[in-house]
Each structure stands twice: as C-alpha cells, then as structure tokens.
Amino acid sequence: MSMPGCQSYESQSIDARLRDRMFYLVCNMNKFTQGVPDFPSLEILNHVIKAFFVKQSYQIDNWIHVPTLSAADSHPEFLLALVTAGSTVISVPAIWKMGLVLQDVVRVTLGDLVGGLKCEISSTH
C-alpha cells in the first residue's frame with residue numbers, strides 16, 4: 001500500500017491543446033473574462049491540478065479514481081473544475097481569485113451542457 005500523495009500524477013497533466021480548450025471556454029464567457037486578465041500558464045494549471053489530487057489522496061472519501069483518469073480524454077469543463085478545486089488548497093490570493101472566476105465559468109458551462117443533454121433526451125422520447 002502506498003502513502004497518500006506519493007503517487008505519480010503524470011496522466012492527469014494537461015498539454016497545450018487541453019489548455020487551449022479550457023481557455024476557449026473562458027473566452028466564450030464574456031461576463032467573466034474581465035476577472036481573468038491572463039489565462040494561467042500550462043505549468044500553473046498542472047501545479048494546481050496536482051495540488052487537488054494530493055489533497056484528495058489524504059481524504060477518506062475520494063470521488064475520483066486517479067489510476068483510471070486520463071486528462072487527455074476529459075472534458076475541458078471537468079479540467080476547469082479540477083483547477084477550481086485545486087485552487088482552494090494553494091495559499092496565494094491570485095490563485096484563489098482565479099479559482100473563483102473559473103468556478104463561475106464551470107457553473108455556467110456545465111449548466112449549458114446539462115441543458116443541452118436534457119433537450120436531446122426529451123427530443124428522442
């Protein structure tokens with residue numbers, strides 16, 4: 001049994017393509033983009049996501065099965081949610097602010113995503 005926080009998080013790292021997809025979601029949210037003067041670098045995003053997984057590894061009620069997670073196969077909305085959750089464990093006010101702004105983006109984009117699925121399901125019945 002390995003110690004919490006000691007496992008590799010390489011499969012959860014995002015690349016430039018995924019960062020661009022996340023940034024695209026933020027850019028489409030005109031209401032919230034004033035709160036993000038510059039989108040975080042790839043290095044910062046990966047650091048914040050790793051911080052989330054390290055914190056989660058110490059919790060008893062993990063809600064993500066890390067060994068089977070692949071960032072490359074994940075939706076950008078999910079990745080933004082990971083960044084939002086990870087920003088809460090880093091004690092840098094700029095990171096907290098970024099997390100709050102991205103939380104609004106995630107909230108709205110997930111609402112749109114779920115609303116679209118509801119329309120698809122109701123149209124097929």
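Glu77 lies in helix 4. The model in which this residue is placed is a predicted one. Although glutamate belongs to the charged class, Glu77 is buried, because its relative accessible area is 11% and the limit for a buried residue is under 20%. Leaving aside residues up to four places away in sequence, Glu77 touches Leu25, Val106, Thr109, Leu110 and Leu113. Between Glu77 and Arg21 there are 56 residues along the chain, yet their C-alpha atoms are separated by 9.1 Å.

The protein chain contains five helices and zero strands, and along the sequence it reads α-α-α-α-α. Of its 125 residues, 36% count as buried. When contacts between residues at least 6 apart in sequence are considered, 70% of them join residues at least 24 apart.

Helix 4 comprises residues 76-87, and its packing against two other helices can be described in turn. Two packed helices are described by the angle between their axes and the distance between the axes. For helix 1 and helix 4, the angle is about 85° and the axes are 9 Å apart. The two helices are therefore roughly perpendicular to each other, since angles of 65 to 115 degrees fall in that class. On the side of helix 1, the contact is made by Leu18, Arg21, Met22, Leu25 and Val26; helix 4 contributes Pro76, Glu77, Leu79, Leu80 and Val83. Sorted by class, this contact of helix 1 with helix 4 has eight nonpolar, no polar and two charged residues. Arg21 and Glu77 are both among the residues that make the contact, and arginine and glutamate both count as charged.

In helix 3, Leu45, Val48, Ile49, Ala51, Phe52 and Phe53 meet Leu79, Leu82, Val83, Ala85, Gly86 and Ser87 of helix 4. The residues of this contact divide into 10 nonpolar, two polar and no charged. Leu79 and Val83 of helix 4 take part in the contact with helix 3 and are likewise listed in the contact with helix 1.

Attention may now turn to the aromatic side chains. The structure holds two aromatic pairs. In one of them, Phe23 and Phe39 lie 5.0 Å apart centre to centre with 40° between the planes, a tilted arrangement. This pair links distant parts of the chain: Phe23 belongs to helix 1 (residues 16-27), whereas Phe39 sits in the loop between helix 2 (30-33) and helix 3 (42-57), 16 residues apart. Phe23 counts as partly exposed because its relative accessibility is 32%; Phe39, at a relative accessible area of 10%, is buried.

The other pair is formed by Phe52 and Phe53, whose ring centres are 5.1 Å apart and whose planes stand at 70°, so this pair is edge-to-face. Phe52 is buried at 6% relative accessibility, and Phe53 is buried at 1%. Both residues also belong to the contact of helix 3 with helix 4.

Conventions: Residues numbered from 1 in each chain as written. Predicted model: local features only at pLDDT ≥ 70, side-chain atom pairs only at ≥ 80, totals over all residues. Heavy atoms only, no water. Phe/Tyr/Trp six-rings, centres within 6.5 Å; stacked < 30°, edge-to-face > 60°. Helix = DSSP H or I, 4+ residues; strand = E, 2+ residues; numbered from the N terminus. Buried < 20%, exposed > 50% of the residue type's maximum accessible area, 1.4 Å probe, protein only. Axes fitted to C-alpha atoms, helices over the stretch in contact; angles between N-to-C directions. Parallel < 35°, antiparallel > 145°, perpendicular 65-115°, else oblique. Contact = heavy atoms within 4.5 Å.
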